[in-house]
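My notes follow the order in which I looked things up.

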Amino acid sequence: MEAETGVLKKKYVRCIVCGEIMEEGTLICPVCGVGPDKFVPYEPETSGYHNDTKEVFIILGQGIAALSAATAIRERNATCGILMIGEENELPYNRPMLTKGMSGGVSEETILVHDKQWYEEQNILLLNGKKISAVYPDKKEIHLQDGMAFMYDKCIYALGAVSFVPPYKGSHLPEVVAVRTIQDAKKVRELALVSKKAVVIGGGILGLETAWEICKLGCEVCVVEMAPRIMPRQIGPETSQKLSEIAKASGITIYTAATVEEITGIDHTEAIRLADGTLLPADMVVVSCGIRANTEIAADAGIAIGRAVLTDSNMRTNISDIYACGDCAEFEGMNYALWTEASQMGKTAGANACGDLIQYSSDLYPVTFHGMNTTLYAIGDNGCAPGTKIRTVEGSANSDNDLELYYLDQNLVVGAALLGDTKNASLVEEAVKGKKQFNELFLNKNSNNTKGETKMEKYICNVCGYEYDEAKGEPDNGIAPGTKFADLPADYVCPICGAGKDEFEKA
Ligand SMILES: Cc1cc2nc3c(=O)[nH]c(=O)nc-3n(C[C@H](O)[C@H](O)[C@H](O)COP(=O)(O)OP(=O)(O)OC[C@H]3O[C@@H](n4cnc5c(N)ncnc54)[C@H](O)[C@@H]3O)c2cc1C
């Protein structure tokens, strides 16, 4: 109770980039690495629910989902037993930092979520370095590979995911790595220090982050992306294009619409062969092709599986007293595989396993990338959704490498991408989450940022003299105040005489 009171007295901030909650005064977000300019004050929710019991909660896994579940249980139940079991030898750590600090060397101490003492204080027993082999729901037992077995009252399945490595010929070679664990990150660094040429397969965020870290260690790096452009799901074509140019200027070559045929080499990697026959020499290969949820143990236990372990909004599976959360879980068809979602799911699973009743709902998180001497912040729609009327508005930029794009639907800001200058990220987040109007976003902008401020103009219809005032818009016709003339749809017509847009002139 004392610990709980202490926690409540502390002040917290939320990272607008990744959603991590931290104590006020934290200088760097431990999850995504951004600084205090991306932190906003945060008031933690407190659950009034408390029920001390002698139950045993077994949490399978030792990632953030598992840890969040354990924390939520202890907050509500001071006397129960909590056992976390995981196969990694380290204490739970901030997995997203693996690709962010790779070139400098990732050390366990700097990326731990909590030190050893915290687990002792919370009376959470962490059995790490142990592989779970089976769950028997009928006997309520968990079995480990070394023969140990434990009985549970409530079980939380939080076994996360593994990196997906497509079955290319040559993917078994010793210099082929996919980054999921601290050991993988260390291996990439060691290889990069002795390699001249590296190929990263996959042009998503993790692939690009890794490419940049390897490049900083002096390697010549190529990124091979199967899609026609990098990060196709997260950002629009303009941002992909600009980021590719920046990558090129940073010394990273990007191949798009490129399919890997095989990794060549007998005992060691020699090259990547693309489907068109191109050979890319490679002393090392990093595969960054997404993840696969760890569902096997759940499936063997009779737990319903889709792409991952199926849950309801309370994170319950189809088997009573078994909950699932994190990268191994799927809710409403989504397997987010994001740190903050895993944490929220874990918290929900833990709370509900205790008898509290809380619902999981996903939030809108931005995509961020730091590297190649630039920063990317993108949130919401990327302007590519078919059938939606989304317009792109480009602001002026500080340099050729900067980009500031807003995606509008009926003049409401539904998405944005900031590349280079991301200081308006918090305003943009507010606008996208609040579905604000485009002009509201600019009116609220930092007064010393003139770059995004737009002057409202008037346009006169040459046929009838009607005046379109951008500041007023045409609310009766569904055109919000602040809508720039240039942003009116191509089929806009004068409300008085029906003349087309090209009949208008600036007043
Ligand atoms: C390199 C990298 C960078 C990332 N960057 C970001 C980012 O910037 N932002 C973001 O939001 N997300 C990021 N992510 C994703 C984020 O880290 C994950 O969504 C999150 O860590 C998932 O947490 P989890 O607890 O569900 O699973 P995991 O962290 O995978 O934890 C599952 C644990 O279960 C253990 N386990 C599995 N099977 C067994 C078994 N049979 N027996 C015992 N133990 C077992 C595993 O060893 C692991 O420790 C990144 C991921 C990686 C790999």
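**Cavity.** I sorted the lining of the largest cavity by class: three nonpolar, two polar and three charged residues. Here Ala, Val, Leu, Ile, Met, Phe, Trp, Tyr, Cys and Pro count as nonpolar, Asp, Glu, Lys and Arg as charged, and the others, Gly among them, as polar. The lining residues are Gln62, Gly63, Glu88, Glu90, Leu91, Pro92, Tyr93 and Arg95. I noted the cavity rule: on a 1 Å grid over the protein atoms alone, a set of points where a 1.4 Å probe fits but cannot get out, with lining residues having an atom within 4 Å of a point. The volume is about 30 Å³, taken as the space filled by probe spheres set on the points, which are joined across faces, edges and corners. My search of the whole structure gave one cavity of 30 Å³ or more.

**Ground rules.** The model is predicted: local features need pLDDT of at least 70, side-chain atom pairs count only at pLDDT 80 or more, and totals for chains, interfaces and linings use all residues. Residues are numbered from 1 along each chain as its sequence is written, and side-chain values use heavy atoms, without hydrogens and water.

**Open sheet.** Next I traced a five-stranded open sheet, in the order β12-β19-β13-β14-β15 with parallel pairing. β12 (176-177) and β15 (252-255) each have a single partner strand, so one side of each edge strand lacks a neighbour in the sheet. Strands are DSSP runs of E, at least two residues, and helices runs of H or I, at least four, numbered from the N terminus. Pairing takes at least two DSSP bridges. β13 (residues 197-201) and β14 (residues 220-224) pair in parallel over five bridges. In that pair, alanine 198 stands opposite valine 221.

Which strands does α6 lie across? Helix α6 (residues 205-216) lies across β13, β14, β15 and β19 (284-287), at about 170° to β14. Axes are lines fitted to C-alpha atoms, for helices over the stretch in contact, and angles run from 0 to 180 degrees between N-to-C directions. Contact means heavy atoms within 4.5 Å.

**Helix pair.** I then checked α2 (residues 64-76) against α9 (residues 339-353): their axes come within 7 Å and cross at roughly 35°. The contact includes Ile64, Ala72 and Arg76 of α2, and Trp339, Gly346 and Lys347 of α9. By class I logged eight nonpolar, four polar and two charged residues.

**Hairpin.** Last, β7 (residues 132-136) and β8 (residues 141-144) pair antiparallel over four bridges. Isoleucine 132 stands opposite leucine 144. The hairpin has four residues between its strands, and lysine 140 in the turn has a positive phi of about 55°.

Terms used. 1 Å grid on protein atoms, 1.4 Å probe; cavity = no way out; pocket = protein on both sides within 12 Å on 5 of 7 lines; lining within 4 Å.
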